Protein chains: 2
Amino acid sequence: MPEITACCAPVLSAPLGEDEAEELAGAFKVLADPARLRLLSLVANAPSGEVCACDLVAPLGRSQPTVSHHLSALVDSGLLRRERRGKWAWYSVDPDRLGILCRALGPVVSC
Amino acid sequence: MPEITACCAPVLSAPLGEDEAEELAGAFKVLADPARLRLLSLVANAPSGEVCACDLVAPLGRSQPTVSHHLSALVDSGLLRRERRGKWAWYSVDPDRLGILCRALGPVVSC
DNA sequence: GCTATGCATTGACGACTGTCGATACAACCA
DNA sequence: TGGTTGTATCGACAGTCGTCAATGCATAGC
């Protein structure tokens, strides 16, 4: 549950405090795993904008518990949204969240 | 030595392959640590554009070997440049590198 | 040469993390 | 009600990572 409040404090234009750095690092840590990046990419590129969890296990090539684990991490960090429909769980992207991280990497102008 | 070639393959607009994901994840892993984020921020916000390593130990509040370790990680990933002058080591930012990571997080337009 | 200084490397330790099998839970169907 | 199916959770294990003290390695000054 790393709540990103540093939406307007780019790394390049202001010295990061200890707390701010811890917060940003936690956010990037979620992206620092190939399985999670691929899950994010699979959901983001779905034509309907959402994907059933059952369609994510095979493409990822890992066990169902592992996929569920990573999906939970993405949901907890706010990058994905989860919606249960009966037995199935559908995931969609929160685009704003990626934008916040993107803007943290540099001045708004060049990024 | 994670060489980022995925400069034009945003997560949101194309499905990531296994290799591509591994590459991007390695790049984000460097940013997934508060000490490294603060070092990057300290160097980026230096008026002269470069900082001596001797001026980075105290602000970071960690031991000299630890700071040196993180600086090496930032240099290896291409985010920082190192230049030795006599006994001292001076560090500066490679702005292009951050831009690549930033653009990987979304469409160029909104980022 | 010798000593001092700034930085990098080594070795070790604790903590965290990605992974899986086993299991629990919840919803649907017969 | 019982059985099946899709997900989430648990427990355990191996591997990775951040950290520091100790050491090595240059460079500068005596």
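Which helix gives the largest share of the surface near DNA strand D? That share, six residues, comes from H4(A). The structure is a predicted model, in which local features need pLDDT of at least 70 and side-chain atom pairs count only at pLDDT 80 or more, while totals for chains, interfaces and linings use all residues. Residues are numbered from 1 along each chain as its sequence is written, and chains are lettered from A and ligands numbered from 1 in the order in which they are written.

**DNA strand D**
- DNA strand D is surrounded by 24 residues (C-beta atom, placed from the backbone, within 6 Å), and the closest are A:Cys54, A:Pro65, B:Pro65, B:Thr66 and B:Gly86.
- At least two residues each come from helix H4 (64-76) and strand E3 (88-93) of chain A and from helix H4 (64-76) of chain B; helices (H or I, at least four residues) and strands (E, at least two) are DSSP runs, numbered from the N terminus.

**DNA strand C**
- Around DNA strand C there are 24 residues, the closest being A:Thr66, A:Gly86, B:Cys54, B:Pro65 and B:Ser68.
- Two or more residues each are given by H4 of chain A and by H4 and strand E3 (88-93) of chain B.
- H4(B) supplies the largest share of this surface, six residues.

**Interface of chains A and B**
- Contacts (C-beta atoms, placed from the backbone, within 7 Å) join 31 residues of chain A to 31 residues of chain B.
- On the chain A side, helix H1 (18-31), helix H2 (34-44) and helix H5 (95-104) each supply at least two residues.
- The largest share of that side, eight residues, comes from H1(A).

Note on methods:
Two residues are in contact if their C-beta atoms, placed from the backbone, lie within 7 Å.
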